[in-house]
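Here is a set of questions and answers about how the terms for a protein model are applied. Each answer sets a value beside its definition.

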Amino acid sequence: MTTLQMSMFHLFTNSFTLWDDAYGCPKNLTTMRFERPVLGGFFVFSGLLFIALYIPCFLAILKKKSRAPVYQIMLALAVYDILSLSINSVCTGIFDILGISFCNYPILIFCLGATVGGSWMSGCLACVLLAVERCVEISPQFPLEFLFSQNVFPVVRILMVLYTIYSYVFVKALIFSAEYSCWFFDPMIGKDPLIYHSYPHSVNNYSVGIATTVLYVYVAYRLIYKHGYSTSMWLYKTKRQILFQAITLCIFHTTAAFIYEYMQMFGATFELIVFSQFVWQWSSGAVCVAYLVFNRTMRNMVVRLIIPRTVRKKRGWYIGADEHIALEQAGGVTLSAGIAAINAAGGTVKFDNFVLNCTSS
């Protein structure tokens, strides 16, 4: 019952009042402030930058209107990450600048904490599913391939929705502390810290840390050792982009998950706490960076979205199969030579969900 009383469920069912036994603030803390304008300014700037990079990716995925499981997962992950960045970066920065902690605005910070905590847990599930999907792309014989079949994936989608609802509504909320510039479950108002420990959050963190590491190690193993050396520069660059993208996505989620669990169990120095906040920010922001830097499909979708075709035609930028075909037909060249070259590389991996191939639009 304690967990429900410390979640959004209690807030919704008790006229938007917090459980006083856990969140009743002493009067001396309601006026205390810890202003950190430089650190706060950094978080606001970097958060807005990540959001500005992520929104075009989100709109490009939305415009794609693809029913493929990978795009549905990427769309859900984009929503969770943008919500996370809005709170763990932008709101965190604003609170740092103003020196605001939980006891200054308890209802507001509790709601934001529940939202960002739910976004983190839901995003972790999406990241694990995305890693599984990538394993399937690399190896169609991967044991979890059935999750993305036409009959099973709707069930997976429903489970994602249920897990999202659970994460947002029924799990203990994170609470911001301006003193440490970080979000904890303990509001630090003098009560026993053990009552604030979130076991669902811990299970989620250990699971995502272990699962994403194992899955992306499998991806790296299949690419490096199973597919081996190729004289095709296209295939070499493709494998390199997949590996860099996998490492980028894995390292920040795994690091953020384990650091937060370490802090919950053993405490931490101020430097480690700020570092953990930085890593958490990057665990959401690194996704759009990986899309734009290592994923040609996404990068070209974004270019087509934000740069009009007339401008691209004037500059000689041809993005997508339709524009490349039109260009080559105008020059009297066919695609047969390029296709033959790709086939000659002997690639058996489906790379279309990672990078742009000649059939992407």
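A nonpolar core is a set of buried Ala, Val, Leu, Ile, Met, Phe, Trp, Tyr and Cys residues joined through side-chain atoms within 4.5 Å. Buried means under 20% relative accessible area, exposed over 50%, and partly exposed in between, with a 1.4 Å probe and protein chains only. The model is predicted: local features need pLDDT of at least 70, side-chain atom pairs count only at pLDDT 80 or more, and totals for chains, interfaces and linings use all residues. Residues are numbered from 1 along each chain as its sequence is written, and side-chain values use heavy atoms, with hydrogens and water left out.

Q: Which residues of the largest nonpolar core touch the most other members?
A: The core has 94 residues, and Y23, Y54, F110, W183 and Y291 touch the most other members. Helix α6 (residues 106-138) gives the largest share, 19 residues. Helices (H or I, at least four residues) and strands (E, at least two) are DSSP runs, numbered from the N terminus. The chain has 14 helices and two strands.

Q: What does Y291 touch, not counting residues up to four places away in sequence?
A: Contact means heavy atoms within 4.5 Å. On that basis Y291 touches Y54, C57, M74, L77, L130, R134, Q245, M298 and R299.

Q: Why is α5 called oblique to α10?
A: Axes are lines fitted to C-alpha atoms, for helices over the stretch in contact, and angles run from 0 to 180 degrees between N-to-C directions. Angles under 35 degrees count as roughly parallel, over 145 as roughly antiparallel, 65 to 115 as roughly perpendicular and the rest as oblique. The axes of α5 and helix α10 (residues 270-294) cross at roughly 140° and come within 9 Å. That angle makes α5 oblique to α10.

Q: What makes up the contact of α5 with α10, by class?
A: Ala, Val, Leu, Ile, Met, Phe, Trp, Tyr, Cys and Pro count as nonpolar, Asp, Glu, Lys and Arg as charged, and the others, Gly among them, as polar. The contact divides into six nonpolar, eight polar and one charged. Among its residues are M74 and D81 in α5, and W280 and G285 in α10.

Q: Which residues of helix α11 (residues 296-306) count as buried, and what do they pack against?
A: T297, M298, N300, M301 and V302 are the buried residues of α11. They pack against α4 (37-64), α5 and α10.

Q: How many of the residues of the chain count as buried?
A: Of the 361 residues, 49% count as buried.
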